[in-house]
Amino acid sequence: MIEFRGVHKTYDNGTKALKDVNINIDKGEFVFIVGASGAGKSTFLKLIMREEVPNAGEVIVNGYKLSKLKRREIPYLRRTMGIVFQDFRLIPTMTVFDNVAFAMRVTGASKREVRKRVPYILGLVGLQNKARNFPQELSGGEQQRVSLARALVNNPSLIIADEPTGNIDPEMSYEIMELLTEINRRGTTILVVTHEHDLVQAFSRRVIVIDDGTVVSDVAGTAEPPAASAPSAGNAVVADVLDTIQDVPTEKESDTVDAVLADIIGRNGGDEQ
Ligand SMILES: Nc1ncnc2c1ncn2[C@@H]1O[C@H](COP(=O)(O)OP(=O)(O)OP(=O)(O)O)[C@@H](O)[C@H]1O
Ligand SMILES: [Mg+2]
């Protein structure tokens, strides 16, 4: 599902964030990515969601070489992913409910679907009582869970979570990981960046260690593999989405909305080419 072939990423200021990364992640896997601060973990994720592009090598997702993806195709790639950003990227002018609902509405979901699904997802992350609150009225951990709810709401085939429990107490962190495990059991591929070694130990999944831009260890997990998931859809996943989904309706409320929209589904205002 995800393949890195000889990937190098050097930022404009000369920082070598990733050096010759070669990795395969299959559909249905649950992978922890660990490493010191500045090691290159977020960069690794940003290449998968095509927020950054490599200087050399190829990143392949669902059979598509991301370097060949046209800008207008990025939204369709992002729609196959649920992304939990390290810095949350919530929309401050929207309630918790709307922050999550918004991600559904841009895919053309009906009012009825939104009214049913959003409270269910907020319940899963323990925020059913915060639906009417605004992000600035929430604790860091609560904001993080809104970000997770938004990532889950469209039932993506891949969840990419950058420190999803970084601001959450140990008990809630454990519950969040259990939730991700359950979602994985249903066939969703999950990548989780974390600093929490206790969690990594407790869940016994594949662990990729990145140190100073290099993958220094990649050890398979001992946890029971997910139950036979649906047959691998391979290229069909993105192809299907490309074929069937109409253009994204524009929903302009503010520049922040546009920016978050670009982050979560790859659309950037009138930036189509
Ligand atoms: N936009 C950028 N421009 C220049 N350098 C960057 C940029 N983003 C990240 N870097 C640098 O690239 C390296 C890897 O950064 P990255 O964000 O991938 O680390 P990380 O492993 O996610 O760290 P953390 O655990 O602190 O989140 C670091 O040296 C960082 O300073
Ligand atoms: Mg990071």
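Which residue in S7 does Ile83 stand opposite? Ile160 is the one across from Ile83. The views below come from a predicted model, and they start with the whole chain before zooming in.

**View 1. The whole chain, with 9 helices and 10 strands.** Of the 273 residues in this protein chain, 39% count as buried. If you look at contacts with a separation of 6 or more, residues 24 or more positions apart account for 70% of them.

**View 2. An open sheet built from 6 strands.** Reading across, the order is S6-S7-S8-S3-S9-S10, and the pairing is mixed. Strand S6 (81–84) and strand S10 (214–219) sit at the edges with a single partner strand each, so one side of each has no neighbour in the sheet. From one strand to the next, the twist averages 15 degrees.

**View 3. Strand S7 (residues 158–162) and its pairing with S6.** These two strands run in the parallel sense, held over 4 bridges. Two pairs are handy landmarks here: Gly82 has Ile159 as its bridge partner in S7, and Ile83 faces Ile160. S7 itself is mostly covered, with 5 of its 5 residues buried. Leu158, Ile160 and Asp162 point one way from the strand, while Ile159 and Ala161 point the other way.

**View 4. From S7 over helix H6 to S8, a right-handed crossover.** S7 and S8 also pair in the parallel sense, this time over 5 bridges. Follow Ile160 across and you reach Leu191, its bridge partner in S8. The chain gets from S7 to S8 through H6, making a β-α-β crossover. Helix H6 (residues 170–185) lies across strand S3 (30–34), S7 and strand S8 (189–193), and runs at about 155 degrees to S8.

**View 5. Helix H5 (residues 140–152), largely enclosed by the rest of the structure.** Of the 13 residues in H5, 11 are buried, which is why the helix counts as largely enclosed.

**View 6. The largest nonpolar core, with 66 residues.** Ile33, Val100, Ala149 and Ile160 have the most contacts inside this core. Helix H3 (residues 96–105) gives the most to the core, with 6 residues. Zoom in on Ile33 and, leaving out residues up to four places away in sequence, you'll find it touching Lys41, Phe44, Leu191, Val192, Val193, Ile208 and Ile210. As a general rule, nonpolar side chains in soluble globular proteins tend to be buried together.

**View 7. Leu69, in the loop between strand S5 (64–65) and helix H2 (74–78).** Is Leu69 buried or partly exposed? Leu69 counts as partly exposed because it has 18 C-beta neighbours inside 10 Å, and buried would take 20 or more. Setting aside residues up to four places away in sequence, Leu69 touches Arg50, Tyr64, Ile74 and Leu77. Arg50 is 19 residues from Leu69 along the chain, and their C-alpha atoms are separated by 9.2 Å.

Methods:
Residues are numbered from 1 along each chain as its sequence is written. Chains are lettered from A and ligands numbered from 1 in the order in which they are written. This is a predicted model: local features need pLDDT of at least 70, side-chain atom pairs count only at pLDDT 80 or more; totals for chains, interfaces and linings use all residues. A residue is buried if 20 or more other C-beta atoms lie within 10 Å of its own, exposed if 12 or fewer, and partly exposed in between; C-beta atoms are placed from the backbone. Two residues are in contact if their C-beta atoms, placed from the backbone, lie within 7 Å. A nonpolar core is a set of buried Ala, Val, Leu, Ile, Met, Phe, Trp, Tyr and Cys residues joined through C-beta atoms within 7 Å. Two strands pair if DSSP finds at least two bridges between them. Axes are lines fitted to C-alpha atoms, for helices over the stretch in contact, and angles run from 0 to 180 degrees between N-to-C directions. A crossover is right-handed if, with the strands pointing away from the viewer, the path from the first strand over the helix to the second runs clockwise.
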